[in-house]
Structure formats: C-alpha cells, structure tokens
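Thanks for asking me to look this one over. Here are my notes, written to be read with the model open beside you.

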Amino acid sequence: TRLMGLPVTGSDRWIDGEGSMRWKLLGLVPVMVASGPDISRSALGRALLEAVWLPSLLAGPEVVWDAADERRLAAQVSFAGAVGHLTLDCDPDGRVRTIVGPRWGDPDGQGHRYVAFGGVVEAERSFDGYTIPSQLRLGWHYGGPRFVDEGEFFRVTVDAAAFR
C-alpha cells in the first residue's frame, strides 16, 4: 500500500494462535507494529475470511458447515484451538457473492469487540483446478451503511494463485 505516495510494506499474520502486524514506510520506518491478545483474536477473523482462497482448508474435518438458508452457508472453523465463524452468500449457480464473519477489533475507537467484517466478491477465477474469489472489496461493519461510508478499506485482485 502507499502512505502519501510512499510505499508501505509489511504483513499481518496469524501463526499457531498468535497474531501480529508489522508495517514499514519505505521498508525502514515502522508505521504499525502490534501483537498481543487483541491482535491475535482479530488475526483469527482475518484468517477465516482469507480461507476462501484455500478451498481445501474449508473442506477439512475442522470445519462444520450448516445451510443457513437457500443461499447462505455458515461455517464453524477450528484453528489451533480457536473457533471462528464464516458465512458465505452464494448466487443460484453456487458462486460466492459475499463473505462475512465476526472479527475482533476496534475499528472506530469504541473499544475492542466483535464487529461484522466482510465484503463483496466481484469476480472469481480458476487456478490449478480451484475456483476462488479473485476480486473483492472488504472492511468493517459489513452488511450496514457504515461499511459503505467508513468500513471498506481493502480492495484486492488476485492475478495468480498456485496450489500444491
């Protein structure tokens, strides 16, 4: 991403139940470094949403699926002893159109809590036999007017994916 036109590089991660964020301006100056229980809870929610890019993970024994209705599938996923939830809304042909789940965070300075996080799948593509969402708009407060006004902060296009 960029900040005032300058490159910001880094990562958010969740490994073995621990989350952290490390982002640097020009690869040198830290602009965001965070870890701890709140970051770990938030990173689990993000990992769940990103699981749509690894469909085999969502087919594993740690996932319990339930049809919420004709179009929505709800998943309860266990990762490293933590449990998260994800809901996929599909069109009549089975294409994922929205993804949403509760994500721990403080997006508006009102204290950490679970907030609806998700977004719109605008396109999908197939790579190595897997069809995944390839163009998405994501953010906090998904499903309400705050998503449009202030919640959306991440847009992504997947140009390539390799599955082994």
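The points below go through a few residues and their surroundings.

1. A word on the ground rules. This is a predicted model, in which local features need pLDDT of at least 70 and side-chain atom pairs count only at pLDDT 80 or more, while totals for chains, interfaces and linings use all residues. Residues are numbered from 1 along each chain as its sequence is written, and side-chain values use heavy atoms, with hydrogens and water left out.

2. Let's begin with a hairpin. Strands β5 (residues 63–67) and β6 form it, with four residues between them. The two strands pair in the antiparallel sense over five bridges, and Val64 stands opposite Gln76 in β6. Strands here are DSSP runs of E of at least two residues, helices are runs of H or I of at least four, and both are numbered from the N terminus. Two strands pair if DSSP finds at least two bridges between them.

3. Leu73 belongs to β6 (residues 72–79). Apart from neighbours within four places in sequence, Leu73 is in contact (heavy atoms within 4.5 Å) with Trp65, Asp66, Ala67, Leu86, Thr87 and Leu88. Its C-alpha is 8.0 Å from that of Cys90, 17 residues away in sequence. Leu73 has a relative accessible area of 34%, so it is partly exposed; buried means under 20%, exposed over 50%, and partly exposed in between, using a 1.4 Å probe and protein chains only.

4. What does Arg46 touch, not counting residues up to four places away in sequence? The answer is Asp12 and Arg103. Arg46 sits in helix α1 (residues 37–50) and is partly exposed because its relative accessibility is 24%.

5. A polar atom of the Asp91 side chain lies 2.9 Å from the backbone nitrogen of Asp93.

6. Finally, two backbone angles deserve a glance. Most residues other than glycine have a negative phi. Asp16, not a glycine, has a positive phi of about 50°, and His141, also not a glycine, has a positive phi of about 60°. Are these residues buried or exposed? Asp16, in the loop between β2 (6–15) and β3 (18–25), is exposed at 70% relative accessibility. His141, in the loop between β10 (130–140) and α2 (145–151), is buried at 12%.

Notes. Polar contact = N/O pair within 3.5 Å; in protein donor to acceptor, adjacent residues only side chain to side chain.
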